[in-house]
Amino acid sequence: MPNQVLISLNDISKTYIMGEVQVEALKPTSLEIYAGELLVILGPSGSGKSTLLNLIGGIDTPSGGQMLYGNKALTNTSERDLTRYRRREVGFVFQFYNLVADLTAAENVALAAELVAEPLAVDDVLRDVDLLERRDHFPSQLSGGEQQRVAIARAIVKSPRLLLCDEPTGALDYETGKMVLRLLRDIQEKHGSTIIIVTHNTAIGDIADRVVRMRSGAVAEILTNENPLPPERIEW
Ligand code: ADP
């Protein structure tokens, strides 16, 4: 398994303040993310998985702790630096695809391509997700699995080092979900991307290089899979 550290989290925490109430969504957490690994963050609803993912992706800022990307600080940095990191280095895939409804598949991908100086070619990426022939279809004309593949194409057209996926199979049926996981593995192998998948589905942990188990806003354990299963082989 690759072990060059891409991101280090040192005592990263997040507390949401809602009026009188404080919610400690993430207790001080330290974690290293290795370049090129497929990491699965597992845990029940409310255990802090999305909070952790959003901090890693620069969507949210921590209440405490430090975060490094390579040797660059991602904490106590300017909004501009964080935006640049999020735009250039990170691709996001969400449970409900979040495509722009009045843009075609190709236009959704092209929009993301505009964020970086050297994007991949839109049609190459659509071919990678096996949707080239549907490039001119609108999201409403595509199935859930196809929409998620467009969302993955949109994330990878920027050629990001880091691909962050929040419950990417959560809205898909069993077979389609496994196809999406296969696609993520293929992308990791083809582009050398570092991929983090957040899920409550323990079966998905079997495809990971490492599994981070979350409980009550903290990392409960970190497991290394010596022999990750191909996505076709897992069952839930
Ligand atoms: P998970 O992804 O494991 O379901 P989350 O990271 O979404 O968990 O949430 C962890 C805890 O933080 C939950 O108790 C949730 O209600 C709370 N939380 C998450 N986001 C916010 C927010 N923006 N404001 C207030 N509380 C939040």
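Contact in this report means heavy atoms within 4.5 Å.

## Basis of the model

The structure is a predicted model, in which local features need pLDDT of at least 70 and side-chain atom pairs count only at pLDDT 80 or more, whereas totals for chains, interfaces and linings use all residues. Residues are numbered from 1 along each chain as its sequence is written, and side-chain values use heavy atoms, with hydrogens and water left out.

## Partly exposed positions and their contacts

Arg88 belongs to helix H2 (residues 79-89); helices (H or I, at least four residues) and strands (E, at least two) are DSSP runs numbered from the N terminus. With a relative accessible area of 47%, Arg88 is partly exposed; buried means under 20%, exposed over 50%, and partly exposed in between (1.4 Å probe, protein chains only). Neighbours within four places in sequence left aside, Arg88 is in contact with Val116, Lys158 and Pro160. The C-alpha atoms of Arg88 and Lys158 lie 6.9 Å apart, although 70 residues separate the two in sequence.

Leu68, in strand E4 (residues 64-69), is partly exposed as well, at a relative accessible area of 31%. Its contacts, neighbours within four places in sequence aside, are Leu6, Ile7, Ser8, Ala73 and Leu74.

## The nonpolar cores

A nonpolar core is a set of buried Ala, Val, Leu, Ile, Met, Phe, Trp, Tyr and Cys residues joined through side-chain atoms within 4.5 Å. The largest such core has 39 residues, of which Leu126, Ile152, Leu163, Leu184 and Ile197 touch the most other members. Two or more residues come from each of strand E3 (38-42), helix H3 (105-113), helix H4 (122-128), helix H5 (144-156), strand E7 (162-166), helix H6 (174-191) and strand E8 (194-199). The most, six residues, are given by H5.

Residues up to four places away in sequence not counted, Leu163 touches Gly91, Val93, Ala155, Ile156, Leu184, Ile187, Thr194, Ile195 and Ile196. Another core, of 27 residues, lies apart from the largest one and includes Leu31, Ile33, Leu52 and Val198.

## Helix packing around H5

Two packed helices are described by the angle between their axes and the distance between the axes. Here, axes are lines fitted to C-alpha atoms, for helices over the stretch in contact, and angles run from 0 to 180 degrees between N-to-C directions. H3 and H5 pack at about 25 degrees, with axes 8 Å apart. H3 is therefore roughly parallel to H5, since angles under 35 degrees count as roughly parallel, over 145 as roughly antiparallel, 65 to 115 as roughly perpendicular and the rest as oblique. On the H3 side the contact is made by Ala105, Asn108, Val109 and Ala112, and on the H5 side by Val150, Ala153 and Arg154.

H5 also packs against H6, at an angle of about 15 degrees and with the axes 10 Å apart. This angle makes H5 roughly parallel to H6. The contact is formed by Gly145, Gln148, Arg149, Ile152 and Ile156 of H5 together with Thr176, Met179, Val180, Leu183, Leu184 and Ile187 of H6.

Seven of the eight residues of helix H1 (residues 49-56) are buried, so H1 is largely enclosed by the rest of the structure. The buried residues are Lys49, Thr51, Leu52, Leu53, Asn54, Leu55 and Ile56. Just after H1, Gly58 takes a positive phi of about 75 degrees.

Pro44 lies in the loop between E3 and H1. Apart from neighbours within four places in sequence, Pro44 is in contact with Lys49 and Met214. Pro44 and Asp124 are 37 Å apart, C-alpha to C-alpha, and 80 residues apart in sequence.

Most residues other than glycine have a negative phi. Asp11 has a positive phi, near 50 degrees. Asp11 is placed in strand E1 (residues 5-18) and is partly exposed, with a relative accessible area of 48%.

Ser216 has a positive phi too, near 45 degrees. Ser216 is found in the loop between strand E9 (210-215) and strand E10 (218-224).
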